[in-house]
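Me: I should like to go through the reasoning behind some of the terms used for this protein. Please set each value against its criterion.

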Amino acid sequence: MEKINDIIVMRLIYMSYAAFNLGTYQHKDSRIQDEYTKVAIEVGKKVVKNLEILPEPSRRGLVFTTSTGPISSVKEFNQILDEKDYFGVNPSIFPNIMLSTCMSRIAMELQINGPTICMYSHADFEPMRCSVIQILDDLCDMVLLLDNRDNKFCFGTLIMRDFMINKKYKRFGIDCVNVLKSGRNYLCV
C-alpha cells in the first residue's frame, strides 16, 4: 500500500498595496526597508499569526515569488543615480533593488531556517508545486508561499503537513501521490 502524504493549504491572505498602512508599520529596520519588503513582511506575519503548532525554524520553508520584483526601489535607485551619480546613493537602500533582500528579511523576521527559494513567476502553478515538493522531499514541514507584485498586491499562502494541524483548522487538502509518480510534472488537487 502506498503512503499518502497529506499536505494542507492552511491560510490564504491577500493584501493590496492600497490597503497597506505605512503609518502603522513598526519595525526596527523600517527606515531602510522599502514598501515592497514591508508589505511582504506584514503579509507573512498575518499568515503565521496565532498558529497553535509551528514547526521548529529548521523545518520551516519559504517560497518567494514575483513577476515584477521591487520595481519602485529600482526606479528610485536609478533616479538618484541619474541626478547625483553614485555619490548620492545611500548604501542602506541599495540592497532593496535585489529580489533576495526581501526574501531574506522575511526569513529572518519569521525565523525560517529551512529551504528558501526565490523565483520569478507569472501567476502559474510552479510556486505551489515547488512549495509542495519541499515538503514531500522532507526538507520542511511548513512552507510560506508569498507572491508579491510591486505596487499592486501581496498574496500569502501557508502550506503544512497534515499532522501539524488541528483537525478543526483544516481547509484544503492536496493529495500528493501523483506528484511522486509523475516525476513532479503536475499536482493532483
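Me: Which residues of α1 are buried?
Reply: In this predicted model, the buried residues of α1 are Y36, T37, K38, V39, A40, I41, V43, G44, V47 and V48.

Me: What makes α1 largely enclosed by the rest of the structure?
Reply: Ten of the 14 residues of α1 are buried, so the helix is largely enclosed by the rest of the structure. The elements that cover these buried residues include β1 (6-16), β2 (60-66), α3 (99-109), β4 (142-149) and β5 (153-161).

Me: Why is Y36 called buried, and why is F64?
Reply: The term requires a relative accessible area under 20%. Y36 has 1%, so Y36 is buried. F64 has 0%, so F64 is buried as well.

Me: How do you know that the span of helix α1 agrees with its number of residues?
Reply: Helix α1 comprises 14 residues, 35-48, and at 1.5 Å a residue it should span 20 Å. Its end C-alpha atoms lie 20 Å apart, so the two values agree. After α1 comes N50, which has a positive phi, near 60 degrees.

Me: Why are Y36 and F64 called an aromatic pair, and what makes it edge-to-face?
Reply: The structure holds two aromatic pairs. In the pair formed by Y36 and F64, the centres are 6.1 Å apart and the planes make an angle of 90 degrees. Ring centres must lie within 6.5 Å, so these two rings qualify as a pair. Planes over 60 degrees apart count as edge-to-face, so that term applies here.

Me: What makes this a link between distant parts of the chain?
Reply: Y36 belongs to helix α1 and F64 to strand β2, and the two are 28 residues apart.

Me: How do α1 and α3 pack, and which residues meet?
Reply: The helices pack at an angle of about 35 degrees, and their axes are 10 Å apart. The crossing of α1 past α3 is right-handed. On the α1 side, Y36, T37, A40, I41 and K45 take part, and they meet L99, C102, R105, I106 and E109 of α3. By class, this contact has six nonpolar, one polar and three charged residues.

Me: What makes helix α4 mostly covered?
Reply: Ten of the eleven residues of α4 (residues 126-136) are buried. They are P127, M128, R129, C130, S131, V132, I133, Q134, I135 and L136. D138 follows α4, and its phi is positive, near 60 degrees.

Technical notes. Residues numbered from 1 in each chain as written. Predicted model: local features only at pLDDT ≥ 70, side-chain atom pairs only at ≥ 80, totals over all residues. Heavy atoms only, no water. Helix = DSSP H or I, 4+ residues; strand = E, 2+ residues; numbered from the N terminus. Expected span 1.5 Å × (residues − 1). Buried < 20%, exposed > 50% of the residue type's maximum accessible area, 1.4 Å probe, protein only. Contact = heavy atoms within 4.5 Å. Axes fitted to C-alpha atoms, helices over the stretch in contact; angles between N-to-C directions. Left-handed = near helix turned anticlockwise from the far one by under 90°. Nonpolar A, V, L, I, M, F, W, Y, C, P; charged D, E, K, R; others polar. Phe/Tyr/Trp six-rings, centres within 6.5 Å; stacked < 30°, edge-to-face > 60°.
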